[in-house]
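The sequence and structure come first.

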Amino acid sequence: MKQRTLAMGNGFERYSKKTRRAEFLEEMEQVVPWRKLCALIEPHYPKAGNGRPPVGVERMLRMYFLQQWFNLSDPAVEEALYDSVVMRDFVGIDLGQEPVPDETTMCKFRHLLEEHGLGGEMLETVNLYLEGKGVANHNRDDR
């Protein structure tokens, strides 16, 4: 288990309640095939070399999903990650060790997904994974 720092914001609160957001993110942790989605993106993702090292693919993917699920712009997802311990935990950010990736980094990641048409592939991968697990696909028009 990763060691928690004081900056993670947990440990001194006396009272807490699991929010709907926390429950939702816990469920998404289990049902989204993170490794398979990362494998789709990695061939197109920048490699370490000259300049700033790239943020990890899975971290960026998780930020992207937060944007989609909570209808957040690039600046809004950056701000939400600074505001929300639950979202930071989901993405794997410890503010005692590192900052949140900035909005420009998020914008570049979204453009990379769009440029390579990965949105549709990711949706198909998630749907196939869920079908394999016996979870009904609610995106179909069964009317």
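## Aromatic cluster

In this predicted model, a cluster joined by ring pairs takes in Phe24, Trp34, Tyr45, Tyr64, Phe65, Trp69, Phe70, Phe90 and Phe109. The count of aromatic pairs comes to nine. The ring centres of Phe24 and Trp69 are 5.2 Å apart and their planes stand at 90 degrees, so this pair is edge-to-face. The pair links distant parts of the chain, since Phe24 belongs to helix α1 (residues 20–31) and Trp69 to helix α3 (residues 57–70), 45 residues apart.

Tyr64 and Phe109 also form an edge-to-face pair, with 6.3 Å from centre to centre and 70 degrees between the planes. Because Tyr64 lies in helix α3 and Phe109 in helix α6 (residues 103–115), this pair ties together parts that are 45 residues apart in sequence.

| Residue | Relative accessibility | Class |
|---|---|---|
| Phe24 | 29% | partly exposed |
| Trp69 | 26% | partly exposed |
| Tyr64 | 16% | buried |
| Phe109 | 2% | buried |

## Thr125

Thr125 is located in helix α7, which spans residues 118–132. With a relative accessible area of 17%, Thr125 counts as buried, because the cut-off for that class is under 20%. When neighbours within four places in sequence are left aside, Thr125 is in contact with Pro33, Lys36, Leu37 and Leu40.

Key: Residues are numbered from 1 along each chain as its sequence is written. This is a predicted model: local features need pLDDT of at least 70, side-chain atom pairs count only at pLDDT 80 or more; totals for chains, interfaces and linings use all residues. Side-chain values use heavy atoms; hydrogens and water are left out. Helices (H or I, at least four residues) and strands (E, at least two) are DSSP runs, numbered from the N terminus. Buried means under 20% relative accessible area, exposed over 50%, partly exposed in between (1.4 Å probe, protein chains only). Contact means heavy atoms within 4.5 Å. Rings of Phe, Tyr and Trp (its six-membered ring) pair if their centres lie within 6.5 Å; planes under 30 degrees apart count as stacked, over 60 as edge-to-face and the rest as tilted.
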